[in-house]
Number of protein chains: 2
Amino acid sequence: MDILVVGSVGIDTITTPHGKAEGVLGGSASHFSCAASFFAPVKLVGVVGTDFPGEYIDVLKARGVDLEGLQVCPGETFRWSGDYTVDYNKAHTLETRLNVFATFNPILPESYRDAKIVFLANIDPELQTQVLAQVRSPSLVVGDTMNYWIETKRESVFDVFKRLDVALVNDQEARDLAETYSLIDAGRILLKKGPKQVVIKKGEHGALLFQGDELFFAPAYPYGTVTDPTGAGDSFAGGFVGHLARTGEFSPLSLRQAVIHGSVMGSLNVEDFSVRRILRATDGDIRDRYKSFQDLVRFWR
Amino acid sequence: MDILVVGSVGIDTITTPHGKAEGVLGGSASHFSCAASFFAPVKLVGVVGTDFPGEYIDVLKARGVDLEGLQVCPGETFRWSGDYTVDYNKAHTLETRLNVFATFNPILPESYRDAKIVFLANIDPELQTQVLAQVRSPSLVVGDTMNYWIETKRESVFDVFKRLDVALVNDQEARDLAETYSLIDAGRILLKKGPKQVVIKKGEHGALLFQGDELFFAPAYPYGTVTDPTGAGDSFAGGFVGHLARTGEFSPLSLRQAVIHGSVMGSLNVEDFSVRRILRATDGDIRDRYKSFQDLVRFWR
């Protein structure tokens, strides 16, 4: 099944305790697309400026990403620069320049409107709604958000939640949205806001999947060294949605396996800056890492 | 196999967002013994004052705990009072009165000296060493510590580490001992300090077991409500050491199962103040909860 993604495509400058990367490919839709492309065809909706490097277009094309929905508008591309402290829990934004993103009006090409699987990456919830309105009959809608939108457009975030099959949030977003500290309580509260499933990503502590009364506790891949966490959540989403698109199966077990595939892609993402490690990945890497998650949690013969 | 435990026996006054308990049975050896007693016979080494309530002696006796090594000394029993903020991550100590504990000189009764399994609960590392010196040929030594000793007697803590088969620490202790932020790095560093296995307890995020190059990622039981976390770590230790004592098997798989039994007893402990929930537990409760940990992590048929 094809995946439609709407999100940011940008240029990042990132400093971590392990180094600095200037002017690299960034944005939620870029990270998502690269990761998901290992599982299923991806159609991207987004916007860049006329300054966007052709080599980054080539990167996405080389991964087979359909760019018919990527608008090129007069002006500069969305740029973000940030750094991370040693605990990697939080990016510190040094500068965000929305540029062409500020006036982005997502129009879906006709060839996109029958997409069966939709991923609403982290952008303005009103744009997420606009995109969703143009898709005829999606079988599965998965959505992400971020603290900025929770603080500034809380009601719009919840309007999108009503349309989601799966909400992907991180631990802090879950607490802010549910207004409670316990992640177990938060997941259960968010299930009542519309989504059939809620995934809470906890970084080094793994992820939780809530579906009805059932809970799945996914481990984190045990990396000692994180080179750059930027885009880890979007790569997680790429593996997660990718698995569901590849199998076309949305059963409780398949959802669990999707979380593990998300964890696999998220864990690869953090091993290098930008999308570099994901681009170097092979199907064998992904299979081996997936298998290693079984070894991490099994305590019976 | 019998278990020998040395640790504190005390009287706690605890305030949490869910209520207050005054003058209840507390101390690392008390929590440990109650939990471990579901798995194997426990011999306790500790000290109380003449004010220690006979009913608490009866509680331990009813669990079959051997109290020949519990000294009753002139003076008052060790008392601790503390409260917890809503995130439950950290106890805030309001008052600690060591009382008879300040001059405790642990002398093992002859009947204790052939114990095969030793648990050094959280007390002064020099007392832990003193106890260990009196045990003739233990098959398995497991030890706990706490931040206070890491800050004040760091070298003594590491001296004990050299004698341990398994070190049980929580996330903050692991970071402080290993002087690194990543728990994965911390576990690997601590393995080099002597213990054959290291367990890092992460509260709501579960636990990590390091043995050689192998890592086990245990989930946390998904309680929304924590009534009182006091003693959760000691109850974890009780289930962990208890499983190993009951089976007499210290294989990698058995160690993983011990971590799950630890998680079971720790998760029961937090459901009520003091040792109340543990005392109400049945073998059926423990079996059911153990089984539920499989359902939490399994993502294959």
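**Entry 1. Strands β12 and β13, chain B**

I looked up B:F210 and found that it stands opposite B:L215 in β13(B). Strand β12, residues 207-211 of chain B, is joined to β13(B) by five bridges, and the two run antiparallel. I take helices (H or I, at least four residues) and strands (E, at least two) as DSSP runs, numbered from the N terminus. Two strands pair if DSSP finds at least two bridges between them.

I note here that this is a predicted model, in which local features need pLDDT of at least 70 and side-chain atom pairs count only at pLDDT 80 or more, while totals for chains, interfaces and linings use all residues. Residues are numbered from 1 along each chain as its sequence is written, and chains are lettered from A and ligands numbered from 1 in the order in which they are written.

**Entry 2. The sheet of chain B**

I then traced the strand order in chain B. Nine strands make an open sheet, β5-β4-β1-β8-β9-β10-β11-β12-β13, with mixed pairing. At the edges I find β5 (66-73) and β13 of chain B, each pairing on one side only. On average, neighbouring strands of this sheet are turned by 15 degrees against each other, direction ignored. For such angles, axes are lines fitted to C-alpha atoms, for helices over the stretch in contact, and the angles run from 0 to 180 degrees between N-to-C directions.

I also checked what lies over the β13 end. Helix α9(B) lies across β11 (197-201), β12 and β13 of chain B, and runs at about 160 degrees to β12(B).

**Entry 3. The sheet and hairpin of chain A**

I repeated the strand order for chain A. An open sheet of nine strands reads β5-β4-β1-β8-β9-β10-β11-β12-β13, again with mixed pairing. Here β5 (66-73) and β13 (214-218) of chain A are at the edges with a single partner strand each, so one side of each has no neighbour in the sheet.

Inside this sheet I looked at β9 (residues 140-144) and β10 (residues 166-170) of chain A, which run parallel and are joined by three bridges. A:G143 has A:A167 in β10(A) as its bridge partner.

I also looked at β2 (residues 10-16) and β3 (residues 19-26) of chain A, which run antiparallel and are joined by six bridges. They form a hairpin with two residues between them. A:T15 has A:K20 in β3(A) as its bridge partner.

**Entry 4. Helix α6 of chain B and what follows**

Which residues of α6(B) are buried? In this helix (residues 171-178) they are B:E173, B:A174, B:L177 and B:A178. Seen down the axis of α6(B), they fall within an arc of 115 degrees, so they line one face of the helix. The arc is that of the directions from the helix axis to the C-beta atoms. A residue is buried if 20 or more other C-beta atoms lie within 10 Å of its own, exposed if 12 or fewer, and partly exposed in between, with C-beta atoms placed from the backbone. What covers these residues includes α4 (147-152), β10 (166-170), α7 and β11 of chain B.

Just after α6(B), B:E179 takes a positive phi of about 55 degrees. B:E179 is in the loop between α6 and α7 of chain B. I count B:E179 as exposed because it has 9 C-beta neighbours inside 10 Å.

B:N99 is not a glycine, yet has a positive phi of about 50 degrees. I placed B:N99 in the loop between β7 (91-97) and β8 (117-120) of chain B. B:N99 counts as buried because it has 20 C-beta neighbours inside 10 Å.

B:F32 is in helix α1 (residues 28-36) of chain B. With 34 C-beta neighbours inside 10 Å, B:F32 counts as buried. Leaving out residues up to four places away in sequence, B:F32 touches B:V5, B:G7, B:F119, B:A121, B:D234, B:A237 and B:G238. Two residues are in contact if their C-beta atoms, placed from the backbone, lie within 7 Å.

**Entry 5. Chain B against chain A**

How many residues of chain B are in contact with chain A? I find 25 residues of chain B in contact with 25 residues of chain A. α7 (183-191), β13 (214-218), α9 (252-269) and α11 (283-297) of chain B are the elements that give two or more residues to this side.

Chain B can be laid on chain A with an RMSD of 0.0 Å by a turn of 180 degrees and a shift of 0.0 Å along the axis. The two copies are thus related as by a two-fold rotation axis. Copies are superposed by least squares on the C-alpha atoms of residues with pLDDT of at least 70 in both.
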